[in-house]
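The following exercises concern a single protein chain.

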Amino acid sequence: MNKSYIWSLPTRAFHWLFVVGILIAFLTDDDHLLNYHAIVGYALLILLAFRVLWGFFGPKYSKFKDFPTNEIKEYSSNALKKESKYIGHNPAASYVMITMLVSTFLIILTGVLTYGIQEGKGILGFLNETFFKGMKSMDNIHEFFANFFIFLIVLHLAGIIIDKFLHKEVETLKSIFTGYKNSKEDKSIKLNIFQKLFAGFMFILLIAFLVFNIINPKNVLVASINKPIDYKVQNELFVDECASCHTLYPSLFVA
């Protein structure tokens, strides 16, 4: 068996950054952590943009045209065979991969809409002042795609486990760390200068985005259209007489 370099460093870096991003997104899905949730969503959008473009300009096996989606019937009937002819993605993994990318985009899109409509925050915060304000369905759609993504993750992990037992000699699981798979012939890939520059640019863009949000935590991506109100300045009597004993919920009709 020959060791073939199948998954380039940019491909593997995307995979693990995407895993970390998705994990953080689920962990920050809380009303008190929505700003962080939104920032992670935008970071995932950068990773998604990289992977989509990488699917057209990246190396062999990472390109969408190398996904054997048209061989799904043949693969289904031979899936349990000990020998696999697929050194890159097999047909089932290809469909799961594409569905994951599409679902990620829909999750981010519905997330940005929900953030703007219901919270009045982010680049679509202005929608909170329109007839969209009372819309609750967008949040339900966002949650649906998030749950569907969990289902895709389970399928992905199941595929890895099955491949681990059926095609142990290929070392598919190990390849996502090392980039190498075992094959009868050397089918290694190499990155050209354009691919290296593009991957480097996208990585710098991601780091710059994260640094920008650390330095400017209240930037336009998470800023609220509602300005904070200092009630003590606007109505000192209300604060002194009422808020001293009660939670500060001022009436709209305080004299």
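**Exercise 1.** Determine whether Phe-64 is buried, partly exposed or exposed in this predicted model, and classify Phe-67 in the same terms.

*Solution.* Step one takes Phe-64, whose relative accessible area is 22%. Burial requires a value under 20% and exposure one over 50%, so Phe-64 is partly exposed. Step two takes Phe-67: with a relative accessible area of 4%, and the limit for burial set at 20%, Phe-67 is buried.

**Exercise 2.** State how many aromatic pairs the whole structure contains, and classify the geometry of the pair Phe-64 and Phe-67.

*Solution.* For Phe-64 and Phe-67, the ring centres are 5.6 Å apart, and pairing requires centres within 6.5 Å. The ring planes stand at 90°; because planes over 60 degrees apart count as edge-to-face, the pair is edge-to-face.

**Exercise 3.** Identify which residues are linked by ring pairs into a cluster, and locate Lys-60 relative to the ring of Tyr-61.

*Solution.* The cluster comprises Phe-14, Phe-18, Phe-50, Trp-54, Phe-57, Phe-149, Phe-194 and Phe-198. Lys-60, in turn, is placed over the face of Tyr-61, at 5.3 Å from the ring centre.

**Exercise 4.** Describe how helix 2 and helix 7 pack against each other, and name residues that make the contact.

*Solution.* First, define the elements: helix 2 spans residues 34–57 and helix 7 spans residues 193–215. Next, consider the geometry: their axes are 10 Å apart and meet at an angle of about 175°. Since angles over 145 degrees count as roughly antiparallel, helix 2 is roughly antiparallel to helix 7. Finally, examine the contact: helix 2 contributes residues including Phe-50, Trp-54 and Phe-57, while helix 7 contributes, among them, Phe-194 and Phe-198.

**Exercise 5.** Compare the "transmembrane region" annotation with the secondary structure over residues 12–28 and 197–215.

*Solution.* The unreviewed UniProt entry lists residues 12–28, 34–57, 92–117, 144–166 and 197–215 under this term. Over residues 12–28 the model is 94% helix and 0% strand, with the end C-alpha atoms 24 Å apart. Residues 197–215 are 100% helix and 0% strand, and their end C-alpha atoms lie 27 Å apart.

**Exercise 6.** Summarise the elements of the chain and the extent of burial.

*Solution.* The chain holds nine helices and two strands, in the order β-α-α-α-α-α-α-β-α-α-α from the N terminus. Of its 255 residues, 36% are buried.

Technical notes. Residues are numbered from 1 along each chain as its sequence is written. This is a predicted model: local features need pLDDT of at least 70, side-chain atom pairs count only at pLDDT 80 or more; totals for chains, interfaces and linings use all residues. Side-chain values use heavy atoms; hydrogens and water are left out. Rings of Phe, Tyr and Trp (its six-membered ring) pair if their centres lie within 6.5 Å; planes under 30 degrees apart count as stacked, over 60 as edge-to-face and the rest as tilted. Buried means under 20% relative accessible area, exposed over 50%, partly exposed in between (1.4 Å probe, protein chains only). A charge sits over a ring if NZ of Lys or CZ of Arg is within 6 Å of the ring centre and within 35 degrees of the ring normal. UniProt positions are given in the numbering used here, feature names are shortened, and annotations may be inferred rather than shown by experiment. Helices (H or I, at least four residues) and strands (E, at least two) are DSSP runs, numbered from the N terminus. Axes are lines fitted to C-alpha atoms, for helices over the stretch in contact, and angles run from 0 to 180 degrees between N-to-C directions. Angles under 35 degrees count as roughly parallel, over 145 as roughly antiparallel, 65 to 115 as roughly perpendicular and the rest as oblique. Contact means heavy atoms within 4.5 Å.
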